[in-house]
Structure formats: structure tokens, C-alpha cells
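This report is meant for a reader who is meeting the structure for the first time. Please keep the sequence and the model in view while reading.

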Amino acid sequence: MSEKLYEEAWNYAMKELHDEYKKSGKEDEFTLWFKMKYVDATIDTITVSFPSTFLLTAIQNRGNVEIVKNKIRSITAQSNLNFNCIVEEELVSDSDDTEESSEEEKIQEEENPSNKKNNIDFEEETKSEKPSDKSKKTHPQLKANFTFETFIPGENSNYAYNAAIAVSKEPGKKYNPILLYGGSGLGKTHLMQSIGNYIYNENPKAKICYVSAENFGNDFTSSLTSKKTNEFKNKYRNLDVLLLDDIHFLQGKEGMQNELFYTFEALYQKNAQMVFTCDRPIKEIKNMADRLVSRLSNGLCIDLQPPNYETRIAILQKKLQIAEKTLNQDIIDYVAKNVETNVRDLESALQNILGYADLIGREPTIDNVKNLLRDLLSASYAENISLDVIKKVIADNYQISVSDLTGKKRDKKFVVPRQIAIYIAREITEISFMELGREMGGKDHSTIMHAYNTISDKIKFDPSLESKIQLYIREIKEYKN
């Protein structure tokens, strides 16, 4: 396709998107978050410019670049179309700007986006200086900015941080394996990759592999299909360091669990360091082989919790320092007080604020910030509402026990609150019908759907029920706080 036709397609796509946002009453959102310009094109790539690095990152994080790309793909029927995203200053910069550009890339790469054992003594590691990035060697599978230098430890993560440093200094000798667990965005992957980067920096010849459990499983399945199981075994069983992320993905996958067990045994025998991450304590993962759970539990299992207020302040200040930006302390306090969920959400909030500041050419007001973060705060809050809290609040309101709420009794005094709890859980969390069924006493998918639909239909004709449910939701949120 010619450059002229791509430009026409670009203009048409942006006009369509503008009209769509305008019709839905979000024209201001379009003006702010689609701030990009067509530059030129080749046969399969459109170059797009943005006012600043921060705005580019913020727009990418919101998924708006993909929205435009998909719109143009549908218009041009070019399914392989790519975008080359640059900032406007790059259009006029020359080779003398290399150092400055390199710093901006580091900022842009900054990511938007665990049972404590009492008898472990980290006094020696805590007193020593944290590892430095003196030669700045980065393993090709690891993120360059995931180092101990860029991790901000606090009360929620000091134990994990010190353990990770200890493991890095003496891989395979201390605390092997180590399992970091906790919710999304709390720094598990950051610490895991910091271990890998430090070991690689000290010993570039070390055989280090960072892999998600999903990709580990895909590799295993592929080796079976292609009859190359020996290659798979050679790849994973001869490592010096295995960093395996998100092992909860292996839940219920017996063949993959067996292979991980044998890989674990081979690496343990040769004193290879193993680091795992998980979204919950290993013993809480259902359908996980007992022998694998036993091996992982015998290592160091550390829980990462959401950062407290002081740690959130320190994280924001560190990110501002890296970005060479400043913000009014009132804005920093507002973000730290309201984004309580995880580090990733903190970084996302900061990115939005700095991108907006770049666009309007001045520091935003508190009202600007509240408006900017409205969707983020709402979404992140919903993600972190506990189903246990929902069950407790509903059970207390109906003066029944939680076990009765999730049980099989068919009396109306139990059925109605049970259906309400299911409805609220689906409305204010991301939990699936299937998972909700498991958590509500092992009920099947159709039973949970029926309960949800029953309440959904009733509130259409019963305003008092809807008001009651909204009261329960507010109580759940207050209980959460």
C-alpha cells in the first residue's frame, strides 16, 4: 500500500474514533489520550509521533495505540501492519542527542507494571550494602531496570528483599529454593529478575533462565509433539539458575507438574539456585502434586504484601527522581493515600499524571489528578475486594453463618442471601462464574449463573432490593477500608 493511502486511512480512522468518543460523551478523553500524529509510512509500518516520552508511555499503557492500529488494520485489510512510535523531538534530533535519548528510553522502560520463617537471620545481609550495578550487564531474558537499585523495600517487602540479596550473593548455597508469593504488582517478578541480573552481572557465564510457568508448559508440550524431549531436558536440567514465574499456572496440569518435579530434582542435586513466584501460598493451590508442594514448601516461602503509606511515598519519590520530574507534595500524598493496591498501580497513576503535565505544559491541580485517576482507582479497588469480606458482610446482615451462606440448605433464609452474595461478587469483582462456584461451596457454573440472573431480574422490578444491594456494597467497601 502506498504512503498516501496509509495517510488517508490514518485520517479516516482518527475521524471515526473521534466521532465514536464524541457520541459517547468522551470527546475530552479522545483529545487527551489520542494525542498522536501521522509522520510517514513504509509498505508495512506507519511512523507515529507523540508530544513527549511520558505521553507516549501513558497512551500505550491505556491501549490507545492498539485501538488506532486495529482500526487502520480493519480499514486497510493489512493484518501485519506495524506502528513505529517516536516522540516529536526525535524528528529533529541528531546523533549528538544519543545520551539524552538513552536516558528517556530507560524512563520509558520503567514498568507501569511471598509464610515467613522465624529462624532465618538476615542481619549480615541487612548490614551490608545492597548490590550495585557496577558493570551494568543485563541478561537477555531479563529487564535491565529490574535490579536491587530500583526496588524500594518497605515493611511489606524487607524480608523478601534481604532474602533475595542473600540468594544473589551465594546462589545455590543459601535458601534454595525460594518462593515469593502475593498479589499482582507487588514486586515478585522485580525481585526475581533482580536476582538473575545480579548473578549474571557477577558471572556472565552462568546458565540463567527466566521463564513464565505458561511458557515452561508450552515448551514441554512442544517437546512432546516434536519428539524432542531430550532437548527440553537439556535446556532446563543443566541450568545454574532457574527463575520460574507464576507457578500457579500449572494448577491441574499433571504432566507439566511431573516435568517440573523432575527438573527440580535435577537442579537441586547440582546445587542450582531456583526461584519461584506464585499468587498465593503454595499449599493453597488446588490440584497441585503433593510431592511438588512438599519440595517448594521446604524452601524459603515469603509473602509480599501491599506497600504501606510511607513505602508508597518512597516509591513515588524514587520514580520521580529517575524521571527527573517533580510534583507538588500534595499530589504525591493524594496518590499515596488513594492507590493502596500495589506498586504497578502506583506507577500507572504517576505515569498518567506526568503524561498529562507534559501535554498541558504545567503541573496539574489536585482536581485534575482526581479526574485522571478516577477510572484507575475504581478498577484497582474492585480487583482487591475480597470474596471473604462479601460473604461475611452478607451473612452478618442476614444473621446466618458463612458456612450456611455457602452451604446447600434450600430454606429461603439461606437461598436469598446466597444469591445476593453471588450477584454482588460478580458485580464488583473480576471473579468468574466457575471460580465463584468453587468458592461458594463447590456449586456448578449453571447454579451460579441462575443465582446471578435471579437477582438481576428481581432488581429491575424491585427498587427496594436494588437500594438494599447498594447499601451492602457500600458496607463491603467500608469494611475493606
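## A covered helix

Helix H15 is mostly covered, with 14 of its 18 residues buried. This helix runs over residues 343-360, and the distance from its first C-alpha to its last is 26 Å, close to the 26 Å expected at 1.5 Å a residue. After H15 comes Gly361, which has a positive phi, near 75 degrees.

## The chain as a whole

The model is a predicted one, and its protein chain has 23 helices and eight strands. Of the 481 residues in the protein chain, 48% count as buried. The chain exposes about 24800 Å², and carbon and sulfur atoms supply 45% of that area.

How far apart should the ends of helix H11 be, at 1.5 Å a residue? The 16 residues of H11, 254-269, should span 22 Å, and the end C-alpha atoms are 23 Å apart, which agrees. The buried residues of H11 are Met256, Gln257, Glu259, Leu260, Phe261, Thr263, Phe264 and Leu267. An α-helix has 3.6 residues a turn, so residues three or four places apart point the same way.

What covers the buried residues of H11? The cover includes helix H9 (213-225), helix H10 (229-237) and helix H12 (290-297), together with strand S6 (241-245) and strand S7 (273-278). With H9, the packing angle of H11 is about 100 degrees and the axes are 10 Å apart, and the two helices are therefore roughly perpendicular to each other. On the H9 side the residues that meet H11 are Phe216, Gly217, Phe220 and Thr221, while H11 contributes Gly255, Met256, Glu259, Leu260 and Thr263.

The side chain of Glu259 is joined to that of Arg237 by a polar contact of 2.7 Å. When neighbours within four places in sequence are left aside, Glu259 is in contact with Phe216, Phe220, Phe232, Lys233 and Arg237.

Thr263 is also placed in helix H11, and with a relative accessible area of 0% Thr263 is buried. Leaving aside neighbours within four places in sequence, the residues in contact with Thr263 are Phe216, Tyr236, Arg237 and Leu242. In sequence, Thr263 and Leu242 are 21 residues apart, and in space their C-alpha atoms are 9.8 Å apart.

## A crossing of two other helices

At what angle do the axes of helix H20 (residues 412-428) and helix H22 (residues 445-461) cross? They cross at roughly 90 degrees and come within 8 Å, and H20 and H22 are therefore roughly perpendicular to each other. From H20 the contact is made by Gln419, Ile420, Ile422, Tyr423, Arg426 and Glu427, and from H22 by Ile448, Ala451, Tyr452, Thr454, Ile455, Ser456, Lys458 and Ile459.

Helix H13 covers residues 309-323, and its 15 residues reach 21 Å from the first C-alpha to the last, close to the 21 Å expected at 1.5 Å a residue. Its buried residues are Thr311, Arg312, Ile313, Ile315, Leu316, Lys319, Leu320 and Ala323. H13 is followed by Glu324, which has a positive phi, near 55 degrees.

In helix H7 (residues 158-169) is found Asn162, which is buried, with a relative accessible area of 12%. Asn162 and Phe148 are 14 residues apart in sequence, and their C-alpha atoms are 10.0 Å apart in space.

## Backbone features in the loops

The loop between H7 and strand S4 (178-181) holds Pro177, and the peptide bond from Asn176 to Pro177 is cis, with omega near 5 degrees.

Is Lys227 buried or exposed? With a relative accessible area of 76%, Lys227 is exposed; this residue sits in the loop between H9 and H10 and has a phi near 55 degrees, a positive value in a residue other than glycine. Asn271 lies in the loop between H11 and S7 and is exposed, with a relative accessible area of 52%. The phi of Asn271 is near 60 degrees, which is likewise a positive value in a residue other than glycine.

Note on methods
Residues numbered from 1 in each chain as written. Predicted model: local features only at pLDDT ≥ 70, side-chain atom pairs only at ≥ 80, totals over all residues. Heavy atoms only, no water. Helix = DSSP H or I, 4+ residues; strand = E, 2+ residues; numbered from the N terminus. Expected span 1.5 Å × (residues − 1). Buried < 20%, exposed > 50% of the residue type's maximum accessible area, 1.4 Å probe, protein only. Contact = heavy atoms within 4.5 Å. Areas by Shrake-Rupley, 256 points an atom, 1.4 Å probe, with all protein chains shown as cover. Polar contact = N/O pair within 3.5 Å; in protein donor to acceptor, adjacent residues only side chain to side chain. Axes fitted to C-alpha atoms, helices over the stretch in contact; angles between N-to-C directions. Parallel < 35°, antiparallel > 145°, perpendicular 65-115°, else oblique.
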